[in-house]
Amino acid sequence: MSCDCGKTCAPDADAANACDAEDKAKCGCGPAPKDRPLTGENFTATRNACKLCAPLGACLAFRGIEGCLPFLHGSQGCATYIRRYMISHFREPMDIASSNFGEESVVFGGRKNLSDGLTHVIESYRPEVIGIATTCLAETIGDDVGMYVKEFISADKKKVDLPHILHASTPSYSGSHADGYQWAVRAIVDQLAVDGPNEKFIGVFPGMISPADLRYLREIMDDFGMSHTIAPDYSDPLDGPVWGDYHKIPAGGTPVREIAKLGRASAVIELASTISDKQSAASLLDEKFSTAVFRVGLPIGIRQSDKFHKVLEQITGKPTPAKHAAERGRLVDAYVDGHKYTFGKEVIIFGEEDFVVGMTAFCAEIGLKPVLCASGGSSGKLRECILEAAPEVDPETPILESVDFAEIEVATFNLKPDLLLGNSKGFTLSRKAGVPLIRVGFPIHDRISGPRSLHLGYRGAQRLFDTICDKLMELQQDGNDIGYTYI
Amino acid sequence: MAEEKINLLEKRKAQVHEGGEFAMEAEKQSLAGSVSQRSCSFCGSRVVLYPIADAIHVVHGPIGCASYTWDIRGALSSGPELHRLSFSTDMQEKDVIYGGENKLYNAICELIDEYKPSAAFIYSTCIIGVIGDDVNAICKKVQKKKGIPVIPVDSEGFKGSKKEGYKAACDALFKLAGTDDHPVKVPKSINILGDFNLAGEIWIIKDYYERMGVNVVCSVSGDGRIDDIRKAGRAHLNIVQCSGSVSNLAKMLETEYGTPMSRASYFGIEDMSKALYDVADFFDDDDMRAGAQRVIQEEVAKLVPQLAPYRKDLQGKKAAVYTGGAFKVFSLVRSLRTLGMDVVIAGSQTGSVEDYKLLSELCDPGTVILDDTNPLELAKYVKEKDVDLFIGGVKERPIAYKIGVGFCDHNHERKEALAGFIGMLNFAKEVHSSVMSPVWQFAPRRAGGQG
């Protein structure tokens with residue numbers, strides 16, 4: 001279709017006639033919503049995926065175990081691609097070993113490669129833990145990694161020197177990286193946690209959050225004066241200092257002995273919304289050890305954070321420490337000061353499902369209007385969880401699972417929102433549609449601040465609110481000819 | 001923390017040369033569990049074909065392989081940009097059980113209808129052969145229906161390292177390039193093979209060749225177009241850059257059309273100049289030779305004074321170089337010498353024994369040569385040799401930064417053109433901006449502390 005600028009608009013147009021992003025920002029052209037469904041035609045192919053494969057999530061989880069080297073059972077490329085992808089976000093070493101399949105491993109099974117790989121990794125890295133995740137290839141040929149690991153351990157004569165060898169089944173043809181993360185966490189707990197008398201500490205399953213978020217969770221728990229185990233915790237391994245000497249495995253992460261004790265925790269908190277009982281580590285502890293489980297969504301925004309604090313208050317029997325209450329107070333003050341800039345502004349939110357639930361709850365409480373909530377995940381629970389966490393959201397709002405970025409792009413042209421909120425993979429469509437992108441979540445490949453981005457709790461909400469408000473004020477200022485110096 | 005001693009694995013020792021009499025092994029399958037910096041066949045195929053901008057690139061398999069290669073490199077196009085899109089059949093469990101042929105067929109047909117490409121490349125990932133999908137048959141069927149080339153790329157990851165993937169990509173390319181029944185040779189013409197037009201480098205090189213009176217028939221695959229690749233048989237000479245990624249294509253073109261090949265590197269003053277003179281020598285054409293001389297003189301006259309201040313600062317600094325192919329390492333050793341720097345560690349993922357022998361002769365005695373190395377070995381030698389700069393790709397970057405060493409990305413993600421004479425200036429600037437940054441004073445290595 002044509003628009004005021006006299007050109008034809010993407011995504012229908014051929015390249016020569018398409019108006020560029022600059023024109024579009026002015027004329028606001030795009031196909032009319034009625035011409036096609038919100039996200040365009042249905043395609044069999046996934047175009048510009050809004051998800052990654054399950055082994056990536058598993059590697060991230062294993063990186064959060066102290067002394068652990070992630071190990072992918074499959075072809076060399078899986079490890080290398082995932083390393084590269086994660087290095088581009090975290091900007092930290094992210095060694096992942098591979099059993100390096102060749103044709104003969106595919107024909108005869110990967111037993112020998114796994115055993116050779118483990119031997120070499122143990123010799124060179126001397127890890128305390130090896131976290132094996134399977135790839136689609138290993139799963140398809142039917143490798144029984146659990147059995148191979150047992151054989152490897154029983155074949156070793158020294159025994160005492162062997163690291164803990166954990167394994168998670170993460171076929172990339174099931175679920176996304178977010179699922180891979182959860183499966184790995186559950187497998188870690190399943191293979192390490194043991195029974196015993198209750199101890200006074202809280203276990204926390206934090207979900208896929210940033211190193212800054214993990215650090216802040218630790219701070220909150222410390223301030224409550226409660227012993228705690230956050231599992232996994234990759235804040236130090238994936239956001240650490242420059243070293244004098246190279247460390248084979250970066251320091252930090254949750255120690256195995258602490259995970260082993262999780263079956264004895266007074267309570268565990270799982271920060272998740274769309275997770276199923278079958279993939280939940282907390283549910284597993286409940287099944288195995290009748291552990292008290294509290295599940296709250298990622299605490300993004302005041303209401304979600306209040307729920308989290310309430311759980312902590314309930315478990316510890318103490319009120320939220322004054323420092324955090326004061327932060328909440330300042331945050332409400334900021335909401336009040338900035339409410340006019342955010343009210344009614346339309347946003348599209350995308351990312352992992354749990355993250356989208358949290359971000360939507362936050363956006364809704366500051367007066368932003370989510371016009372599309374989208375994820376590449378497919379839990380079947382996204383709509384229900386969002387409507388529960390964010391009562392302001394119109395039940396008619398499109399809330400879509402199994403979405404790719406090509407669909408989000410069409411929707412962006414159709415909906416013409418004021419802002420996009422999500423990871424940096426939204427940049428391409430943001431540029432094309434002329435809608436600013438606020439970078440949140442994972443991955444952030446085109447800014448330096450990814451690992452240090454805080455999203456959770458009152459402090460995270462403060463940062464998010466300031467960032468969003470500042471951007472909206474900037475748009476208002478830049479979009480006006482007068483050049484107001486007070487906004 | 002106490003220093004953790006890094007020892008070489010016994011089975012890796014033959015692939016490391018620490019000086020003395022040359023004896024090395026190479027071109028071996030990576031050791032399981034060694035955390036190789038290499039990738040897989042799929043990666044090799046994807047790298048070579050990626051820049052073809054008027055084709056769609058469809059990855060048949062579960063989602064990861066497509067996600068990790070979406071808009072991953074700065075391979076520029078002067079026209080269409082279909083190569084910057086990522087398409088996957090995103091196979092689910094049921095597709096693995098019942099087969100993915102129907103899904104693949106529908107996926108390709110719809111994408112062709114929507115994006116109207118000149119061709120489609122269909123990449124097989126690890127599990128495709130295992131579950132028995134007949135990708136060739138599907139491609140033939142779609143090709144017949146849609147009337148454009150639909151080319152299967154036999155790129156299952158486990159089939160080998162990047163090199164095997166290069167070969168699969170060349171086989172795919174030859175399905176286009178090898179179909180010219182009556183190639184009429186274009187006078188004084190070459191093909192530029194093995195350059196990916198990162199940061200527009202091919203445009204720089206093409207400009208030099210054209211200024212010296214050479215006609216460029218096609219470029220594979222940087223700024224590549226399907227119709228141009230079909231004309232590859234019309235050139236008199238194939239210039240092959242990059243260690244072997246498209247050597248196989250050049251060999252096939254030689255067999256099919258009798259076109260000879262010549263290797264070139266466009267990095268650094270010496271190699272860039274040689275690349276231009278070699279073409280003039282091949283055509284044995286005095287005008288062309290004079291043209292090459294004119295281009296080189298003009299460019300070098302502009303370049304040398306601009307390099308001087310960088311050279312002054314960088315004189316005597318030490319560098320480590322680790323790349324995918326070995327050919328680039330030679331150019332980098334020479335380029336760094338131009339800047340007054342010494343290479344003390346050099347290596348590649350896929351070099352041959354012969355490459356490393358030549359490299360050990362080019363480098364100063366005592367230079368560590370590494371084949372298919374890994375993070376621990378790199379860290380060990382970077383520390384031992386006390387280098388000031390590491391040149392590599394994104395996977396090597398944290399190794400350098402984590403121990404307080406400057407870094408220059410000379411891989412596919414670079415955003416600055418590093419080829420050609422102007423590229424040498426960009427290279428000098430980038431090396432200088434990292435090595436001379438004041439931030440290293442705070443790194444424990446330079447601050448005298450331990451981390």
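How far apart do the C-alpha centres of domain 1 of chain B and domain 3 of chain B lie? In this predicted model, the separation is 27 Å. The two domains touch through 13 residues from domain 1 of chain B and 13 residues from domain 3 of chain B, where a contact means that the C-beta atoms, placed from the backbone, lie within 7 Å. On the domain 1 side, the touching residues comprise four nonpolar, six polar and three charged ones (Ala, Val, Leu, Ile, Met, Phe, Trp, Tyr, Cys and Pro are nonpolar, Asp, Glu, Lys and Arg charged, and the others, Gly among them, polar). An automatic or database assignment sets the domain bounds: in chain B, domain 1 spans 10–22 + 315–414, domain 2 spans 41–177 and domain 3 spans 189–293.

Turning to the two chains, their contact draws 62 residues from chain A and 68 residues from chain B. Helix 3 of chain A is the top contributor on its side, with 10 residues; helices here are DSSP runs (H or I, at least four residues), strands likewise (E, at least two), numbered from the N terminus. The chain A side divides into 26 nonpolar, 24 polar and 12 charged residues.

Strand 1 of chain A also pairs with strand 3 (residues 87–88) of chain B, antiparallel and over two bridges; pairing requires that DSSP finds at least two bridges between the strands. Within this pair, A:T46 sits opposite B:S88.

Residues are numbered from 1 along each chain as its sequence is written, while chains are lettered from A and ligands numbered from 1 in the order in which they are written. As the model is predicted, local features need pLDDT of at least 70 and side-chain atom pairs count only at pLDDT 80 or more, whereas totals for chains, interfaces and linings use all residues.
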